[in-house]
Amino acid sequence: MSPKKTFISPVNLTVVDHPLVLHKLTLMRDKHTPSAVFRQLLHEISHLLAYEVCRDLPMTTQTIETPLAEMEAPILKGKKLVIVSVLRAGNGLLEGMLSLIPSARVGHIGLYRNPETLQPVEYYLKVPEDIAERRTIVVDPMLATGNSVSAAVKRLKEKGAKDLRLVTLLSAPEGIMHFHEEHPEVPIYTAAVDSHLNSHGYIVPGLGDAGDRMFGTK
Ligand code: URA
């Protein structure tokens, strides 16, 4: 039976389908790709996703002197970033983003999926106290059912986060719709939208369990 076709609202969804991203993603999807290469590819793709999610960061100018002249030069405006990793797979995106934006603050939220209900259970939460004053980029490579990351964003809002973005590597149509039902104002950045979820909540064709692929735990 062919998978159900699902309509995806293009609102607040950016598919970062740059050739370099798609090429690296194909290598990551291949089940023969070893964990070390998988991690390296995720690190590289996260730079390209970070580049896109930071595209609309507010800018100002600053007077500087080059060796030749004084100039009004563009510089990032005051607003600071926090990157929140949804453990554990989010750490793969986090590391790459931090190497591009080293001054960003970091938060972690730990949620696991109850394998029967597929519902998220929170076990860890630590974010900067001034999260309300920062743009918050939530990173989780797989937007599958959307249950975990929706719950994560709800908790971050309770902690004061207002200006949120979600960065994922792969998304399922079901996850995008579910996430945007709960958080319609939060833009999603993803490298690809796959066909559907299987009965275990895995993205098809996907790449398998991102955490296991990263850490070689299966
Ligand atoms: N989490 C994963 O790691 N992979 C999926 O396909 C779905 C959720």
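A definition to begin with: a crossing is called left-handed if the near helix is turned anticlockwise from the far one by less than a right angle, and right-handed if it is turned clockwise. Helices (H or I, at least four residues) and strands (E, at least two) are DSSP runs, numbered from the N terminus.

The model is predicted: local features need pLDDT of at least 70, side-chain atom pairs count only at pLDDT 80 or more, and totals for chains, interfaces and linings use all residues. Residues are numbered from 1 along each chain as its sequence is written, and side-chain values use heavy atoms, with hydrogens and water left out.

Now the helix pair. α2 passes α3 in a right-handed crossing. Helix α2 covers residues 35–53 and helix α3 residues 90–100; they pack at an angle of about 60°, and their axes are 8 Å apart. Axes here are lines fitted to C-alpha atoms, for helices over the stretch in contact, and angles run from 0 to 180 degrees between N-to-C directions. The two helices are therefore oblique to each other; under 35 degrees counts as roughly parallel, over 145 as roughly antiparallel, 65 to 115 as roughly perpendicular, and the rest as oblique.

On the α2 side, the contact (heavy atoms within 4.5 Å) includes Leu 42, His 43 and Ser 46, and on the α3 side it includes Gly 92, Leu 93 and Glu 95.

Next, the pockets. On a 1 Å grid over the protein atoms alone, a pocket is an open set of points where a 1.4 Å probe fits, with protein on both sides within 12 Å along at least five of seven lines; lining residues have an atom within 4 Å of a point.

How many residues line the largest pocket? There are 27, and Leu 111, Arg 113, Ser 148, Tyr 202 and Asp 209 lie nearest its centre. β4 (80–87), β5 (105–113), β8 (142–143), α4 (147–158) and α6 (210–215) each supply at least two residues of that lining.

The second largest pocket has 15 lining residues, and the closest to its centre are Leu 57, Leu 76, Leu 81, Ile 101 and Ser 103. α2 and β4 are the elements giving two or more residues to this lining.

Last, the peptide bonds. Most peptide bonds are trans. Leu 87 and Arg 88 are joined by a cis bond, with omega about -5°, and Arg 88 sits in the loop between β4 and α3. The bond from Val 204 to Pro 205 is also cis, with omega near 0°; Pro 205 is in the loop between β12 (203–204) and α6.
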